[in-house]
Amino acid sequence: MDYAPRAIAIAASKGGTGKTTLTSALAVQAMRDGFEVGLVDWEPQGSLTLWWLMRGKPSNPYLIRDVEDPERAVLSATGACDLVFLDTAPSSMDQIELAIEAADFVLIPVTSSAFDLMAARSIVDICKEHDKPFAFVLNRQNARRDALNSSARAHLLKLGEVLEESVQDRTAYVSALNKGKAGPEHPDTKQAREARAEIEALWAAVKARAYRELEVA
(Lines give C-alpha, C1' and ligand atoms only; values in the text may rest on other atoms or scores of the structure.)
Protein backbone atom coordinates (compact mmCIF):
# COMPACT_ATOMS: atom_id res chain seq x y z
CA MET A 1 0.00 0.00 0.00
CA ASP A 2 1.31 3.41 -0.96
CA TYR A 3 1.33 6.14 1.64
CA ALA A 4 1.35 9.87 1.07
CA PRO A 5 4.88 11.27 1.44
CA ARG A 6 5.88 13.29 4.47
CA ALA A 7 5.74 16.99 3.75
CA ILE A 8 8.03 19.70 5.11
CA ALA A 9 7.11 23.34 4.60
CA ILE A 10 9.78 26.04 4.68
CA ALA A 11 7.75 29.06 5.74
CA ALA A 12 8.31 32.70 6.63
CA SER A 13 6.12 35.76 6.20
CA LYS A 14 9.06 37.99 5.27
CA GLY A 15 11.32 37.87 2.26
CA GLY A 16 15.08 37.50 2.49
CA THR A 17 15.13 34.70 5.04
CA GLY A 18 16.67 32.21 2.59
CA LYS A 19 13.71 29.85 2.17
CA THR A 20 14.56 28.70 -1.35
CA THR A 21 18.25 28.31 -0.53
CA LEU A 22 17.40 26.09 2.43
CA THR A 23 14.73 24.17 0.53
CA SER A 24 17.08 23.27 -2.31
CA ALA A 25 19.97 22.39 0.01
CA LEU A 26 17.82 20.21 2.26
CA ALA A 27 16.23 18.51 -0.75
CA VAL A 28 19.64 17.57 -2.15
CA GLN A 29 20.79 16.33 1.26
CA ALA A 30 17.63 14.24 1.68
CA MET A 31 18.23 12.75 -1.76
CA ARG A 32 21.76 11.83 -0.72
CA ASP A 33 20.28 10.29 2.39
CA GLY A 34 18.36 7.85 0.19
CA PHE A 35 15.01 9.64 -0.12
CA GLU A 36 13.00 10.13 -3.29
CA VAL A 37 12.26 13.83 -3.03
CA GLY A 38 9.53 16.00 -4.53
CA LEU A 39 9.50 19.80 -4.66
CA VAL A 40 6.53 22.15 -4.55
CA ASP A 41 7.27 25.71 -5.63
CA TRP A 42 4.41 27.52 -3.89
CA GLU A 43 5.95 30.92 -4.50
CA PRO A 44 4.96 33.34 -7.30
CA GLN A 45 8.52 34.22 -8.32
CA GLY A 46 9.24 30.57 -9.11
CA SER A 47 12.80 30.63 -7.77
CA LEU A 48 12.78 26.94 -6.86
CA THR A 49 11.43 26.05 -10.30
CA LEU A 50 14.24 28.03 -11.93
CA TRP A 51 16.79 26.26 -9.73
CA TRP A 52 15.37 22.88 -10.74
CA LEU A 53 15.48 23.80 -14.43
CA MET A 54 19.09 24.97 -14.14
CA ARG A 55 19.88 21.69 -12.39
CA GLY A 56 18.76 19.85 -15.53
CA LYS A 57 15.21 18.78 -14.60
CA PRO A 58 16.34 15.84 -12.46
CA SER A 59 13.98 13.06 -11.42
CA ASN A 60 15.32 13.33 -7.87
CA PRO A 61 14.64 15.82 -6.52
CA TYR A 62 11.81 16.33 -8.97
CA LEU A 63 9.45 19.26 -9.37
CA ILE A 64 5.73 18.67 -8.93
CA ARG A 65 4.19 20.85 -11.62
CA ASP A 66 0.77 22.42 -12.18
CA VAL A 67 0.13 22.77 -8.47
CA GLU A 68 -3.42 23.82 -7.61
CA ASP A 69 -2.82 23.65 -3.89
CA PRO A 70 -0.09 22.13 -1.72
CA GLU A 71 -2.20 19.36 -0.21
CA ARG A 72 -3.18 17.99 -3.62
CA ALA A 73 0.43 18.28 -4.75
CA VAL A 74 1.63 16.17 -1.83
CA LEU A 75 -1.06 13.56 -2.42
CA SER A 76 -0.21 13.46 -6.13
CA ALA A 77 3.30 12.36 -5.19
CA THR A 78 2.03 9.22 -3.42
CA GLY A 79 4.04 6.25 -4.62
CA ALA A 80 6.50 8.49 -6.46
CA CYS A 81 8.48 9.92 -3.57
CA ASP A 82 8.99 9.60 0.16
CA LEU A 83 9.24 13.26 1.00
CA VAL A 84 8.02 16.59 -0.34
CA PHE A 85 9.49 20.01 0.40
CA LEU A 86 7.16 22.99 0.06
CA ASP A 87 8.78 26.37 -0.66
CA THR A 88 6.36 29.15 0.29
CA ALA A 89 5.64 32.74 -0.67
CA PRO A 90 6.75 35.41 1.81
CA SER A 91 3.82 37.77 1.44
CA SER A 92 0.44 36.01 1.21
CA MET A 93 -0.60 34.60 4.58
CA ASP A 94 -3.45 32.69 2.92
CA GLN A 95 -0.96 30.96 0.61
CA ILE A 96 1.40 30.21 3.49
CA GLU A 97 -1.46 28.76 5.50
CA LEU A 98 -2.31 26.30 2.71
CA ALA A 99 1.27 25.04 2.71
CA ILE A 100 1.33 24.70 6.49
CA GLU A 101 -1.95 22.79 6.41
CA ALA A 102 -0.38 20.31 3.96
CA ALA A 103 2.80 19.89 6.00
CA ASP A 104 3.80 17.34 8.62
CA PHE A 105 6.49 19.68 9.90
CA VAL A 106 7.21 23.39 9.40
CA LEU A 107 10.72 24.84 9.37
CA ILE A 108 10.76 28.60 9.95
CA PRO A 109 13.98 30.29 8.82
CA VAL A 110 14.75 33.54 10.63
CA THR A 111 17.64 35.97 10.37
CA SER A 112 18.87 37.88 13.40
CA SER A 113 16.90 41.03 12.63
CA ALA A 114 14.07 42.72 14.49
CA PHE A 115 11.85 42.55 11.40
CA ASP A 116 12.27 38.78 11.02
CA LEU A 117 11.64 38.24 14.72
CA MET A 118 8.42 40.23 14.60
CA ALA A 119 7.25 38.45 11.45
CA ALA A 120 7.88 35.00 12.94
CA ARG A 121 4.91 35.22 15.30
CA SER A 122 2.36 35.11 12.48
CA ILE A 123 3.77 31.80 11.21
CA VAL A 124 3.73 30.37 14.72
CA ASP A 125 0.08 31.35 15.11
CA ILE A 126 -0.86 29.44 11.94
CA CYS A 127 1.14 26.38 13.01
CA LYS A 128 -0.59 26.34 16.38
CA GLU A 129 -4.01 26.89 14.82
CA HIS A 130 -3.53 23.78 12.66
CA ASP A 131 -1.62 21.82 15.32
CA LYS A 132 1.50 21.51 13.16
CA PRO A 133 4.90 20.88 14.75
CA PHE A 134 7.43 23.57 13.92
CA ALA A 135 10.91 24.80 14.76
CA PHE A 136 12.97 27.88 13.98
CA VAL A 137 16.36 27.80 12.31
CA LEU A 138 18.63 30.83 12.51
CA ASN A 139 19.71 31.35 8.92
CA ARG A 140 22.22 33.62 7.17
CA GLN A 141 23.99 34.21 10.47
CA ASN A 142 27.03 36.43 10.86
CA ALA A 143 29.44 34.56 13.12
CA ARG A 144 30.95 37.86 14.28
CA ARG A 145 27.66 39.00 15.81
CA ASP A 146 27.34 36.57 18.68
CA ALA A 147 25.43 38.98 20.90
CA LEU A 148 22.82 39.64 18.21
CA ASN A 149 22.49 35.95 17.40
CA SER A 150 22.09 35.05 21.08
CA SER A 151 19.46 37.75 21.51
CA ALA A 152 17.51 36.47 18.50
CA ARG A 153 17.64 32.91 19.83
CA ALA A 154 16.40 34.03 23.25
CA HIS A 155 13.49 35.89 21.66
CA LEU A 156 12.48 32.94 19.48
CA LEU A 157 12.61 30.51 22.39
CA LYS A 158 9.64 32.37 23.84
CA LEU A 159 7.66 31.38 20.73
CA GLY A 160 8.75 27.78 20.27
CA GLU A 161 11.62 25.41 19.59
CA VAL A 162 14.81 26.83 18.10
CA LEU A 163 17.11 24.28 16.52
CA GLU A 164 20.64 24.18 17.85
CA GLU A 165 21.78 23.84 14.26
CA SER A 166 22.13 27.11 12.35
CA VAL A 167 23.33 28.23 8.92
CA GLN A 168 25.95 30.90 8.32
CA ASP A 169 25.75 33.64 5.70
CA ARG A 170 28.03 32.07 3.09
CA THR A 171 28.50 33.07 -0.54
CA ALA A 172 28.66 29.37 -1.38
CA TYR A 173 24.91 29.02 -0.96
CA VAL A 174 24.03 31.86 -3.32
CA SER A 175 26.63 31.13 -5.98
CA ALA A 176 25.73 27.43 -6.03
CA LEU A 177 22.00 28.17 -6.16
CA ASN A 178 22.51 30.30 -9.26
CA LYS A 179 23.97 27.26 -11.03
CA GLY A 180 21.31 24.76 -10.05
CA LYS A 181 23.44 23.41 -7.22
CA ALA A 182 23.28 23.43 -3.44
CA GLY A 183 25.85 24.99 -1.14
CA PRO A 184 27.49 21.64 -0.28
CA GLU A 185 28.00 21.07 -4.02
CA HIS A 186 30.05 24.24 -4.48
CA PRO A 187 33.12 23.60 -6.68
CA ASP A 188 35.45 25.11 -4.09
CA THR A 189 36.34 22.27 -1.72
CA LYS A 190 36.63 24.39 1.42
CA GLN A 191 33.37 26.25 0.83
CA ALA A 192 31.57 23.01 -0.01
CA ARG A 193 32.89 21.32 3.14
CA GLU A 194 31.73 24.16 5.41
CA ALA A 195 28.27 24.27 3.85
CA ARG A 196 27.97 20.47 3.89
CA ALA A 197 28.62 20.30 7.63
CA GLU A 198 25.83 22.80 8.28
CA ILE A 199 23.28 21.23 5.95
CA GLU A 200 23.96 17.66 7.07
CA ALA A 201 23.41 18.71 10.69
CA LEU A 202 20.30 20.72 9.85
CA TRP A 203 18.80 17.89 7.78
CA ALA A 204 19.37 15.41 10.61
CA ALA A 205 17.48 17.71 12.98
CA VAL A 206 14.64 18.38 10.54
CA LYS A 207 14.28 14.72 9.58
CA ALA A 208 14.04 13.68 13.23
CA ARG A 209 11.19 16.10 13.81
CA ALA A 210 9.34 15.45 10.56
CA TYR A 211 9.27 11.70 11.27
CA ARG A 212 8.97 11.88 15.05
CA GLU A 213 5.31 10.83 15.29
CA LEU A 214 5.92 7.85 13.01
CA GLU A 215 8.83 6.71 15.16
CA VAL A 216 6.72 7.04 18.29
CA ALA A 217 3.86 5.10 16.68
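User: Which residues touch the most other members of the largest nonpolar core?

Analyst: In the largest nonpolar core, which has 67 residues, Ile-8, Leu-39, Phe-85, Val-106, Phe-136, Leu-156 and Trp-203 touch the most other members. Please keep in mind that this is a predicted model. The general idea is that in soluble globular proteins nonpolar side chains tend to be buried together.

User: Which helix gives the most to this core?

Analyst: That helix is α8, residues 189–210, which gives seven residues to the core.

User: What does Phe-85 touch, leaving out residues up to four places away in sequence?

Analyst: The contacts of Phe-85 include Ile-8, Ile-10, Leu-26, Leu-39, Val-40 and Trp-203. Thr-23 and Gly-38 are also among the residues that Phe-85 touches.

User: How should I read the sheet, and what is the order of its strands?

Analyst: The sheet is open and has six strands, in the order β3-β2-β4-β1-β5-β6, with parallel pairing. The edges are held by β3 (62–63) and β6 (134–138); each has a single partner strand, so one side of each is left without a neighbour in the sheet.

User: How many bridges join β2 and β4?

Analyst: Strand β2 (residues 37–42) and strand β4 (residues 83–88) pair in the parallel sense over six bridges. As one example, Val-40 has Leu-86 in β4 as its bridge partner.

User: And how many bridges join β5 and β6?

Analyst: Strand β5 (residues 105–110) and β6 pair over five bridges, again in the parallel sense. Here Val-106 stands opposite Phe-134 in β6.

User: Which residues of β6 lie on each side of the strand?

Analyst: The general idea comes first: in a regular strand the side chains alternate between the two faces of the sheet. In β6, Phe-134, Phe-136 and Leu-138 lie on one side, and Ala-135 and Val-137 lie on the other. Both faces are covered, as these residues are all buried. The strand is therefore mostly covered, with five of its five residues buried under the cut-off of 20% relative accessible area.

User: Is Ser-24 buried or exposed?

Analyst: Ser-24 counts as buried because its relative accessibility is 1%, and buried means under 20%. This residue lies in helix α1 (residues 19–32). Apart from residues up to four places away in sequence, Ser-24 touches Leu-48, Trp-51, Leu-177 and Ala-182.

User: Where is Cys-81 placed, and what is in contact with this residue?

Analyst: Cys-81 is in the loop between α3 (70–76) and β4. With a relative accessible area of 5%, Cys-81 is buried. Leaving aside neighbours within four places in sequence, Cys-81 is in contact with Pro-5, Glu-36, Val-37, Gly-38 and Tyr-62. Cys-81 and Leu-156 are 75 residues apart in sequence, and their C-alpha atoms are 33 Å apart in space.

User: Which residues make the nonpolar surface patch?

Analyst: Leu-50, Leu-53 and Met-54 make a nonpolar surface patch of about 260 Å². Met-54 is in helix α2 (residues 47–55) and counts as partly exposed, at 38% relative accessibility.

User: How many salt bridges does the structure hold?

Analyst: Side chains of opposite charge can pair when their charged atoms come close. The structure holds 10 salt bridges. One of them joins Arg-55 and Glu-185, whose closest N and O atoms are 2.9 Å apart. This pair links distant parts of the chain, 130 residues apart: Arg-55 is in helix α2, and Glu-185 is in the loop between α7 (171–177) and α8. Glu-185 counts as buried, at 18% relative accessibility.

User: What does the salt bridge of Glu-198 with Arg-170 tie together?

Analyst: The closest N and O atoms of Glu-198 and Arg-170 are 2.9 Å apart. Glu-198 lies in helix α8 and Arg-170 in the loop between α6 (146–157) and α7, so the pair ties together parts that are 28 residues apart in sequence. Glu-198 counts as buried at 10% relative accessibility, while Arg-170 is partly exposed with a relative accessible area of 23%.

User: Which residues are linked with them in a network of salt bridges?

Analyst: The network of salt bridges links Arg-170, Lys-190, Glu-194 and Glu-198.

Definitions and conventions
Residues numbered from 1 in each chain as written. Predicted model: local features only at pLDDT ≥ 70, side-chain atom pairs only at ≥ 80, totals over all residues. Heavy atoms only, no water. Patch = residues over 30% accessible without salt bridge, like charges linked within 9 Å, V, L, I, M, F, W, Y side chains within 5 Å. Areas by Shrake-Rupley, 256 points an atom, 1.4 Å probe, with all protein chains shown as cover. Salt bridge = Lys/Arg side-chain N within 4 Å of Asp/Glu carboxyl O. Helix = DSSP H or I, 4+ residues; strand = E, 2+ residues; numbered from the N terminus. Buried < 20%, exposed > 50% of the residue type's maximum accessible area, 1.4 Å probe, protein only. Pairing = 2+ DSSP bridges. Core = buried A, V, L, I, M, F, W, Y, C linked by side-chain atoms within 4.5 Å. Contact = heavy atoms within 4.5 Å.
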